[in-house]
Amino acid sequence: MSKLDKYLRLDQIPHFACSGCGHGTALAAMVRAIDKLGLDQNTTIMVCAIGCAGRLPVYLDFPSIRTPHGRALTVATGIKLANPELKVIVFMGDGDAAAIGGNHLIHAARRNIDLTAIIAINEIYGMTGGQYAPTTKPGHLASTAPFGMIEPQMDICKLVEAAGANFVARGDIFHIVELEKLMLKAISHKGFSVVEALTNCPTQFGRRNKNSKPSEMIKNIKEMTITKKQAEKLSKDELEHKLVRGILVEKERPEYIEEYDRITHFNKEVS
Amino acid sequence: MSKKVLMQGNQAIAEAALVAGVKVCAGYPITPSTEVVELLSKKMPSYGGRFIQMEDEIASIGAIIGASAAGKKAMTATSGPGFSLMQELLGYAAMVEIPIVIYNAQRVGPSTGGATKPQQGDIMQTKWGSHGESPRIALSPSSVEEAYKLTITAFNLSEKYMVPVVILGDETLAHIRESITIPEPDSFEIINRRTDAVPQEEYLPYKVDDTRIPVLPPLGGGYRYNISGMIHGDKGVPNLAPDVIDYCIRRINNKLKKYYDDIVMVERIKEKGSRIAVLAYGSTTRPAKSAIKMAQKNGIKVDFIRPITIWPFPEREIREIASKVDKILVPEMNFEGQVAGLVRQSIEGAAEVIQFSKVSGLPMYAEEIYHQITKIDRGEK
């Protein structure tokens, strides 16, 4: 028995994820971060929605609420308004967070309520059978892009930065220790924080794109990401297909509910 | 001491929500409901509550569901186009049995329709607007004073039965100003959801006792359970076993049936020897009552019934009236006769149902209803 087993709903095992799926690695990094932070299991709320990533927090033994597709951040916002003392973590996939929930993501970043959004990016809709996502790269094949993806790839980190996110970081499931540290920082940073976790989907993405070996896919992720320091040494052309990992934004904007309570002279006595 | 005040319909709903104990309101501006969120944004902080304007109506209902899951009473206010957007999460709230209150000031539809004109076009959407089948309660106030009282009832029923409650007003009621009598806030019975959960070791969120109503402690309140819109058994985790699907759907849809007598409210005025009845609701109530008085003055006896609760529909009371009269006139501000259809369905031919439809965006007038009564009395169609 691992010391992390206490965070699992063991009666829900076996889980539904495909073999070689990278989402579990990202989820495990989050659990280790929570453990290191010593967060109270009863007052740390998991919010998730739909899709492969959206289903995973159900395996964790925290109070959890699973919403319709894309709506996790709206429900998380309400939880914080009702009880700002709670730690609220929202675990989403890329389609969930950036497509159907895209507007909520923008406004959560702008509003800056103390929430942590962890977005597992596998560049595909896995649960529904491999349709293209806003994060699918041009040219890649998907079940709804049989001729190749035409649209450009969305950079979620840039999007939330532009919207005003207080903390933005990118990690991946190869650099697992780093990913865990990024999550730890994001969870403890006050305000709206986002961690993008690059993961792999061998079943729905890899198979269609002639690279379904999980180890190869993870190696590709490793080669695609570089540190800020490495990026400084590269030319614009060399940076073309690279993604910078690490902390991308770290600000100290006023947290919404603290501001609300201050400006409105919120009456705590009768709340 | 009760007090007499001049109040607008929307204002009454906001004021009553504060008395009922609303602690989170999330909304998005939309005519003709906006005064509710304007007022609550101003008043809630001093009542220990928080208002937030969200990015759209989907987010608004999402936020109040989250707030309620965390144990606080929560509401939103909207109108047709916003109510359409809320359907997804309205079904979710019903499925996961998280109490919320939605005020829908109905306006002319479809689509953008007419923001400043009344309609009663959302009766069916309220019950059937989201996919699948799930329970909700809908209340239809007919005056500002009743809007005040029913708002408190809405929160009470929502908490008691762990179900979304929709207050179905319309533009006329939203903006009319009336002198109303408000009882002392302390004189209202305020009901809060159950908190008597069994200890965590034995606790299963959707395992119900004889009441059939689940006990869902606030998220973060010490119980670790899962809330999910997926079909779930007692544990609250996804489970698609055929017997669990069957049980889940039947349980959530049956739970209000058990409490029909507590939930279903009607106003009934009986007239001895009448062969005609008028059924009206919401803001068509007052012109209907005036029309009945006009008829009585002219020697036509007319019964009256008003569903105060629209969902669940007062089938039993309407069957009773249908067994007495030959014809039931249903004046409505919609095209299809949404409530007239429900009346037909309830009484299964026991009386003739005559629909009177008005969709011009003007309120119903007493003379128009009276004219219909006289036609029926003369045996004309």
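Two strands count as paired if DSSP finds at least two bridges between them. In this predicted model, strand β15 (residues 327-332) of chain B and β16(B) pass that test, pairing in the parallel sense over 6 bridges. Within β16(B), S357(B) is the bridge partner of E332(B).

**Chain B overall**
- Chain B holds 13 helices and 16 strands.
- Its C-alpha trace spans about 70 × 50 × 45 Å along the principal axes.
- The radius of gyration of chain B is 21 Å, which agrees with the value near 21 Å for a compact globule of 381 residues.
- Of the 381 residues in chain B, 55% are buried.
- Take the contacts in chain B between residues at least 6 apart in sequence: 77% of them join residues at least 24 apart.

**The five-stranded sheet of chain B**
- 5 strands of chain B make an open sheet with mixed pairing, in the order β11-β13-β12-β15-β16.
- β11 (266-269) and β16 (352-357) of chain B are the edge strands; each has a single partner strand, so one side of each lacks a neighbour in the sheet.
- From one strand to the next, the twist averages 20°.
- Helix α12 (residues 338-347) of chain B packs on the sheet and touches β12 (276-279), β15 and β16 of chain B. The direction of α12 makes about 155° with that of β15(B).
- Helix α13 (residues 366-377) of chain B also packs on the sheet, touching β12, β13 (302-307), β15 and β16 of chain B. For α13, the angle with the direction of β15(B) is about 160°.

**Two domains in chain B**
- The domain assignment of chain B gives domain 1 (3-187) and domain 2 (267-377).
- The C-alpha centres of these two domains of chain B lie 26 Å apart.
- Across the boundary, 21 residues of domain 1 of chain B are in contact with 19 residues of domain 2 of chain B.
- On the domain 1 side, β6 (114-118), α5 (123-128), β7 (137-139), β8 (165-170) and α7 (171-175) of chain B each supply at least two residues.
- α5(B) gives the largest share of that side, 4 residues.
- By class, the domain 1 side has 9 nonpolar, 8 polar and 4 charged residues.

**A94(B), a buried alanine**
- A94(B) sits in helix α4 (residues 80-96) of chain B.
- A residue counts as buried if 20 or more other C-beta atoms lie within 10 Å of its own. A94(B) has 23, so it is buried.
- Leaving out residues up to four places away in sequence, A94(B) touches S134(B), P135(B), R136(B), V163(B), P164(B) and I252(B).
- V165(B) is 71 residues from A94(B) along the chain, yet their C-alpha atoms are separated by 9.4 Å.

**Where chain A meets chain B**
- The contact takes 37 residues from chain A and 40 residues from chain B.
- On the chain A side, β2 (64-66), α3 (72-82) and α5 (102-111) of chain A each supply at least two residues.
- α3(A) gives the most to that side, with 8 residues.
- The chain A side has 15 nonpolar, 17 polar and 5 charged residues.
- α3(A) is mostly covered, with 11 of its 11 residues buried. Among them are L73(A), V75(A), I79(A) and K80(A).
- β2(A) runs parallel to strand β10 (residues 226-228) of chain B, and 3 bridges join them.
- S228(B) in β10(B) is the bridge partner of R66(A).

Notes: Residues numbered from 1 in each chain as written. Chains lettered and ligands numbered in written order. Predicted model: local features only at pLDDT ≥ 70, side-chain atom pairs only at ≥ 80, totals over all residues. Rg over C-alpha atoms; globule rule 2.2 N^0.38 Å. Buried ≥ 20, exposed ≤ 12 C-beta atoms within 10 Å, placed from the backbone. Contact = placed C-beta atoms within 7 Å. Domains from an automatic or database assignment. Nonpolar A, V, L, I, M, F, W, Y, C, P; charged D, E, K, R; others polar. Axes fitted to C-alpha atoms, helices over the stretch in contact; angles between N-to-C directions.
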